[in-house]
Amino acid sequence: MLTLGRHLTSGRGLGGRRAVATVVSGLQTSKMLRERLKREVEDLRAAKVVPGLMVLQVGNREDSNLYISSKLKAAAEVGIEAWHVRLPDTVTQDELLRTVASVNADPAVHGLIVQLPLDCVEPVDVEKVTDAVSPLKDVDGLTCVNAGKLSRGDLSRCFVPCTPNGCMELIARTGVSVAGKHAVVIGRSKIVGAPMRDLLLWNHATVTTCHSKTPDLPRQVGMADILVVGAGRAEMVRGDWLKEGSVVIDCGINYVLDESKPSGKRVVGDVHYASAYQRAGFITPVPGGVGPMTVAMLMQNTVLSARRELAAGR
């Protein structure tokens, strides 16, 4: 769902004025998605299937605790049974792998996420741990199996990582078709950038991936009909880089100093919002854009896992 329609400001366009961006609200879109998921969970429960989500945490990082709290709250809201297991920071890799294997074997659990980063005293191979999650329960979409299926376009038989999946939902809400468009993705992380590229590609966009070694980044951005930014650099993308009327999806979460705030800081994205708002056709805010969608898509993947189990008769 979008916020209020496009507004007019001085500049190019009808009568010397042009429209500024329509804001694409992740808060509103995620609310609609959760309402739909609640109905789906009711149907599953009627069929004697109760979707279950396990969050496995190592240590006690404050930021992880906040993220987990939001996931548990969202699960309760839609009717998913959710559990939170916190292991001590002294846990060994073998102990952690045994815990993952135990959850993999639990038929009540349809989705297992290992909360990252791991807050471990002992050395742990994070890739080995995340890849130990059963691909059938990998609702974060981080295992090699699910990443491989996504990369080859096997979208119906994998779990898509939650943030890119949420970005695609927000793009869909704009009414702009991805097919045939030139999409630019800034960032190539395994959680956001790389799967975002794959999703756009298999939805028939022509995709350019940009990163820290990309020369003349403003020129690349200026060719984008659809721009997705997950660079991790506060307000890096400026409004005058953008192609006029483009769709801008900002995945960034950065904290900058702001003495006017009680905390002394505020949250900004990877896109300079004030200038981009004047040039884009659609834009996601930070906060309130991609963030709420990430949690909602985690719930969607958990429900999808339960539906697949029911269909398979497991």
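In the predicted model, a network of salt bridges links R36, E40 and R307. Side chains of opposite charge can pair when their charged atoms come close. Counted over the structure, such pairs amount to 13 salt bridges, and several of them can be described individually, together with the accessibility of the residues that take part.

One of these pairs joins R61 to D63, with 2.7 Å between the closest N and O atoms.

Since E127 belongs to helix α4 (residues 126-132), whereas K190 is found in the loop between β7 (182-186) and α7 (193-202), the pair ties together parts that are 63 residues apart in sequence. The two partners fall into separate accessibility classes: E127 is partly exposed, with a relative accessibility of 42%, whereas K190 is exposed, with a relative accessible area of 58%.

The salt bridge between R197 and D198 involves residues whose closest N and O atoms are 3.1 Å apart. Here D198 has a relative accessibility of 8% and so counts as buried, while R197, at 32%, counts as partly exposed.

Attention now turns to the strands. An open sheet is formed by three strands in the order β5-β4-β6, and their pairing is parallel. Because β5 (81-87) and β6 (111-114) stand at the edges and each has a single partner strand, one side of each of these strands is left without a neighbour in the sheet. On average, and with direction ignored, neighbouring strands of this sheet are turned by 15 degrees against each other.

Within the sheet, strand β4, which comprises residues 52-58, pairs with β6 in the parallel sense over four bridges, and L53 stands opposite G111 in β6. Helix α2, which spans residues 62-78, packs on the sheet and touches β4, β5 and β6. The direction of helix α2 makes about 160 degrees with that of β5.

Note on methods. Residues numbered from 1 in each chain as written. Predicted model: local features only at pLDDT ≥ 70, side-chain atom pairs only at ≥ 80, totals over all residues. Heavy atoms only, no water. Pairing = 2+ DSSP bridges. Helix = DSSP H or I, 4+ residues; strand = E, 2+ residues; numbered from the N terminus. Axes fitted to C-alpha atoms, helices over the stretch in contact; angles between N-to-C directions. Contact = heavy atoms within 4.5 Å. Salt bridge = Lys/Arg side-chain N within 4 Å of Asp/Glu carboxyl O. Buried < 20%, exposed > 50% of the residue type's maximum accessible area, 1.4 Å probe, protein only.
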